[in-house]
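Here are some notes for a colleague who is new to this structure. Please read them with the model open beside you.

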Amino acid sequence: MLGRSEFAKIIKIEGKVRGSALKTDAEYVKRNWGADGLKVVETDFKNLGYPIEYRKIKDLDWYPVCVRLLSLLIIKARFNLSDDDIESMGKMTPKFSFIVKFIIKMAPTLEKGIENIPMIWGKHYSIGEFEVVEFDDKDNFLLIRLKDFKVHPILCRYLTGYFFGLLQFLMPNENVKIEELRCMFKGDPYHEYRFTWK
Amino acid sequence: MNTDLPGNEMRNNKNIKELKEELFELKDYINDIWQFCPMPFAYINIFDAIIDISDSFEGFLGYKKEEVIGNTLNKYFKNPEDLKNIKRLTIEQGGLRNENSVLVNRTGEEIYVNISTLLRCDEDGNSIGYFLAFNDITREKRAELKFRNIFDNAGDAIYIYDLDGNFLAVNKNACELLGYTEKEILRLRLEDIDADHSPQKCQRMLEELKKSGRLFIESEHCTKDGKKIPIEFSARIIQFDDKPAVLSIARDITQRKKAENALKESEMKFRILAEESPNMIFINQAGKIVYVNKSCEKMMEYTREEFYAEDFDFYKLFSPESRERCRENFERHMKNEEVEPTEYTLLTKNGNKIEALITTRLIKYEGKDSILGIVTDISQQKRIEKNLKKSYQELKKTTSSFVFTMAKIVEVRDPYTAGHQQRVAKLAVAIARKLGLSEQEIDTIEMAALIHDIGKLYVPAELLNRPGKLTDTEMELIKTHPRAGYDIAKTIEFPGPIAQIILQHHERIDGSGYPAGLQDGEIILAAKILAVADVVEAMMSHRPYRPARTSAEAIEEISTRRAVYYEPGVVDVCIDLFRKRLFMFN
């Protein structure tokens, strides 16, 4: 379980996250471990002295970004999830996100859809700058960059899955591959992800 | 004015808050629809990715939301081309209603659906995705497929056509029967497949159907290559696609017609055989005549109408003394018992008698138990038999007179044996009768006995009449008489083995007799009877060389020689006749 000192560090992280992002965690837990699983997670929150009730979270309201992080860390610890599981959880998130689906379905073209991805980020997080560095539809290549978002390493794998899930909406018939080329926790100035597909 | 600004801001802030609340209410309302609508539906973006599915979609195809969302919907279609067409048409038309397709669920089961779609566009009018609602029609489709399966695999040709004779549906058998493809038939009219190609005929049939609701006829169809096929055709009015139509079932009866014709031909052949038979042939069903041939009419002098009349009494064809026998035999037939050919006296209409031998059999005629009778007129045979019997009696009388005369000749030469042959004959006949021999056999034995010593004509008379013991040579001479008698008798055509009986009447079953020394199995029964009668009578008669013995002595003698010289059965009968005083010599 999360140690007191780590918890103390986490709650000091600045920034906000939309309730929609937290609710997808709840959906993931409910789907895998049922309502009882979710209650256990909520109890863990409570035990940390930071009580959260997922059902009361509103999609469009802003919450401290530490809740996002705590939610992931508690779920990972409680259900003994691997890094791959965290990536899978990230992949599932867009599928249950009201905001993602709302924005993604507005795209009439692939280009427009790619252009909307930074907007999706902005709708979810108050920190971090999301940028589409390069998109080449002919060479099947997309490079995205996330700056100023050094929150916790668990989010690197989570976001890898998350971005994959987003892109799946735009190219469901393609065999998409994603790779984190640069990482702020490895000393890089930003996070950088490369997508390729056939 | 500036003063308005704070108020406006407040109003604007309030409006934003209210709008946000309304937006959330709307979101919840939409969420409720996605969660609780029983009809499965999905939203697909323009890239074919499933953006969202209703909760009912999970149960519908058996996949979880997280497995489905983000995937392409293509993979759930049996034929992925269907979705491409649906998308194209949705974009072209803004939406679709009730487009048929087939999905495949998690377990690989086919789900038949009616799909309705609604196109979504952005504010610039660009297509951005579409809703798909799925109406599960699997049950109806399976029922339809089941019907179609039955329809196509029915053994008969099935057509459905409207009341103007335009074909609406046909099964595979109909196509095979007529040699057309389904598409070709659906372009035809009823008269096109009718052998007469007569619109009037078809119109009449349709009119009749409209009146009565159903029809059952035999007709002919014409195939694509012009061949005519006999068919059995049933039709009835049904509702097809909510309109009255005719359901017709046509059965190719070519083979049946061939069989019927073959049967008719065969029946004709047998009818000719029966009709032209010189024998009378009839079929009786429960006491009534249901068939008679020409010979019955001719010989019994009744017409067929009279025979077949309801009140015709079958048994009046029989003489009173034959009727009961006929009834009994017919009853035995009905109990499935075998009945031997039986002689009856028949009575013609004019009272003439016909002696008949009737062979009867239990048969099925028109599905019912019946008696087939074949009558042979044996009147002439009976007359011949009668004449023969008369001739035989006359011949027998003549023969008897002849035999009697011959016997007398012997007795004239041998007075001591006078009457011996007659008495032997009487005893032999009594034994034979007691043994149960036929009258003809008894007659033969009697005649043989009457002349059994005829061979003694060749023995010198002084030897026959001389008292005292005979020498061996004289005895040998006496012993020639059976052979001599045989030689005389064999020249005469007697009705029976008279010569042989005479020849063997001194043979003994132990082989000690003469002239041939035959043994038991070689001596005929008649000769064995004659041997016993001869010895008994001889002992009981006076002879020049000894006095007459008593019957007790004679019985003693044959008892002693029983099964040695004489046949035991014959001896027993003979003893019985004397002991019970059933026979006595005069």
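1. Start with Val412(B): is this residue buried or exposed? The model is predicted, and Val412(B) has 10 C-beta neighbours inside 10 Å. A residue counts as exposed at 12 or fewer, so Val412(B) is exposed.

2. Turn to a helix pair in chain B. Helix 15 (residues 420-434) packs with helix 16 (residues 439-450). Their axes lie 8 Å apart, and the angle is about 160°. An angle over 145 degrees counts as roughly antiparallel, and therefore helix 15 of chain B and helix 16 of chain B are described that way. The crossing of helix 15 of chain B past helix 16 of chain B is right-handed.

3. Which residues of helix 15 of chain B meet helix 16 of chain B? From helix 15 come Gln421(B), Gln422(B), Val424(B), Ala425(B), Ala428(B), Val429(B), Ala432(B) and Arg433(B). Helix 16 answers with Glu441(B), Ile442(B), Ile445(B), Glu446(B), Ala449(B) and Leu450(B). By class, this contact holds 9 nonpolar, 2 polar and 3 charged residues.

4. Now the two chains. How many residues of chain B are in contact with chain A? There are 20, and they contact 18 residues of chain A. On the side of chain B, the elements giving two or more residues are strand 1 (41-45), strand 2 (50-53), helix 3 (65-68) and strand 5 (127-136). Strand 5 of chain B gives the most, with 3 residues. The class count for this side of chain B is 7 nonpolar, 7 polar and 6 charged.

5. Check the nonpolar cores. The largest has 76 residues. Those with the most contacts inside this core are Leu69(A), Phe163(A), Leu166(A), Ala42(B), Ile44(B), Ile50(B) and Ile51(B). Helix 7 of chain A (residues 154-170) gives the most to this core, with 11 residues. Another core lies apart from it and has 48 residues, including Leu503(B), Ile509(B), Ile529(B) and Ala554(B).

6. Finish at Ile44(B). Which residues does Ile44(B) touch, not counting those up to four places away in sequence? They are Ala49(B), Ile50(B), Ile51(B), Leu73(B), Gly129(B), Tyr130(B) and Leu132(B). Ile50(B) and Ile51(B) are also listed, with Ile44(B), among the residues with the most contacts inside the largest core.

Note on methods
Residues are numbered from 1 along each chain as its sequence is written. Chains are lettered from A and ligands numbered from 1 in the order in which they are written. This is a predicted model: local features need pLDDT of at least 70, side-chain atom pairs count only at pLDDT 80 or more; totals for chains, interfaces and linings use all residues. Axes are lines fitted to C-alpha atoms, for helices over the stretch in contact, and angles run from 0 to 180 degrees between N-to-C directions. Helices (H or I, at least four residues) and strands (E, at least two) are DSSP runs, numbered from the N terminus. Angles under 35 degrees count as roughly parallel, over 145 as roughly antiparallel, 65 to 115 as roughly perpendicular and the rest as oblique. A crossing is left-handed if the near helix is turned anticlockwise from the far one by less than a right angle, and right-handed if clockwise. Two residues are in contact if their C-beta atoms, placed from the backbone, lie within 7 Å. Ala, Val, Leu, Ile, Met, Phe, Trp, Tyr, Cys and Pro count as nonpolar, Asp, Glu, Lys and Arg as charged, and the others, Gly among them, as polar. A nonpolar core is a set of buried Ala, Val, Leu, Ile, Met, Phe, Trp, Tyr and Cys residues joined through C-beta atoms within 7 Å. A residue is buried if 20 or more other C-beta atoms lie within 10 Å of its own, exposed if 12 or fewer, and partly exposed in between; C-beta atoms are placed from the backbone.
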